[in-house]
Amino acid sequence: MRRAAIGLVALVLAVSASSTVSAFDTPEAAVREYLVGVANADIEQVVGASAIDGMTEGYRFGQMVERLRGYQPMAPGPVHSPFFAGAQQADWTSALLRQARTLAYSLLAAETLGEGLELRPVLDVGSDWADGLIADLDESRLSDLVVMDVKLPEPELYETTSNLENMARMANIYGADERTDRVALIRFEGDTYLVGFALLRYSDDWGVSDQISPIVDGLSYSGAASRVSADLFSEITSE
């Protein structure tokens, strides 16, 4: 058991260490690469589209504490030494991959998981249910995922002074030059879905920081995709 735990930690650290594989000059390019990584069931490709390296190098713990006027030990911590920076990098990597996994769950096994996609417990089930979930989670099916469009969500709300100031503050906390949101319209097995993203820019490189977009009502904070029509996507992203 101890060896298995050590192996899992080593895997997360290895993926974290190899996270910078490409540069993306637009938020849309980073989102597309991330989703192609999900379609390919490729962990390194997903993490390679992230901003985790920049977050680890630039995170300003004191500014976050000052902004919140407090600290929850489960929240991101100081990154002032190799040990703590590595632990935080692994934590951010794990959180992002959990969101990517939930995205895959929501496409492959939405009926089986039900409210479990919202991080609620699935109760009164047994081994038959577990076998059914495993059967649902055939990662080869993810290859059917197609990215149809990536746009800025709720432009009128997004461009308000208060929201832009908040985005600038969040970028500064993570040592980034800019923060933004995007939503993607994807097609999977005949249906269309909405997926949200938060992104950070370091110099000329964009990367995904979270697979959520807080500015869009109704999007899950777990990373689950929401079924949506192309018309509603256009409405969400129109000026």
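In the predicted model, a patch of negative charge on the surface is formed by Asp-25, Asp-177, Asp-204 and Asp-205. Of these residues, Asp-204 is located in the loop that runs between strand 3 (191-202) and strand 4 (205-210), and with a relative accessible area of 58% Asp-204 is classed as exposed.

Strand 4 also contains Ser-209, which, at a relative accessibility of 11%, counts as buried because this value falls under the 20% cut-off. When neighbours within four places in sequence are set aside, Ser-209 is in contact with Ala-51, Met-55, Leu-96, Ala-198, Leu-199 and Leu-200. The C-alpha atoms of Ser-209 and Tyr-174 are separated by 9.9 Å in space, and the two residues by 35 positions in sequence.

Across the whole structure, 7 salt bridges are found. In one of them, the side chains of Glu-28 and Arg-182 meet at an N to O distance of 2.7 Å; since Glu-28 belongs to helix 2 (residues 27-39) and Arg-182 to strand 2 (residues 178-188), this pair ties together parts that are 154 residues apart in sequence. Glu-28 is partly exposed, at 24% relative accessibility, whereas Arg-182 is buried, with a relative accessible area of 11%.

A salt bridge also joins Arg-69 to Glu-66, with 2.8 Å between the closest N and O atoms, and both of these residues are exposed. The side chains of Arg-201 and Glu-178 likewise form a salt bridge, at 3.0 Å from N to O; Arg-201 lies in strand 3 and Glu-178 in strand 2, so that parts 23 residues apart in sequence are tied together by this pair. Arg-201 is partly exposed, with a relative accessible area of 21%, and Glu-178 is likewise partly exposed, at 34% relative accessibility.

Methods:
Residues are numbered from 1 along each chain as its sequence is written. This is a predicted model: local features need pLDDT of at least 70, side-chain atom pairs count only at pLDDT 80 or more; totals for chains, interfaces and linings use all residues. Side-chain values use heavy atoms; hydrogens and water are left out. Patches are made of residues with over 30% relative accessible area and no salt bridge: like charges are joined within 9 Å, nonpolar side chains (Val, Leu, Ile, Met, Phe, Trp, Tyr) within 5 Å. Accessible areas come from the Shrake-Rupley method with a 1.4 Å probe; for residues, only the protein chains shown count as cover. A salt bridge is a side-chain nitrogen of Lys or Arg within 4 Å of a carboxyl oxygen of Asp or Glu. Lys and Arg count as positive and Asp and Glu as negative; His and the chain ends are not counted. The place of a charge is taken as NZ of Lys, CZ of Arg, CG of Asp or CD of Glu. Helices (H or I, at least four residues) and strands (E, at least two) are DSSP runs, numbered from the N terminus. Buried means under 20% relative accessible area, exposed over 50%, partly exposed in between (1.4 Å probe, protein chains only). Contact means heavy atoms within 4.5 Å.
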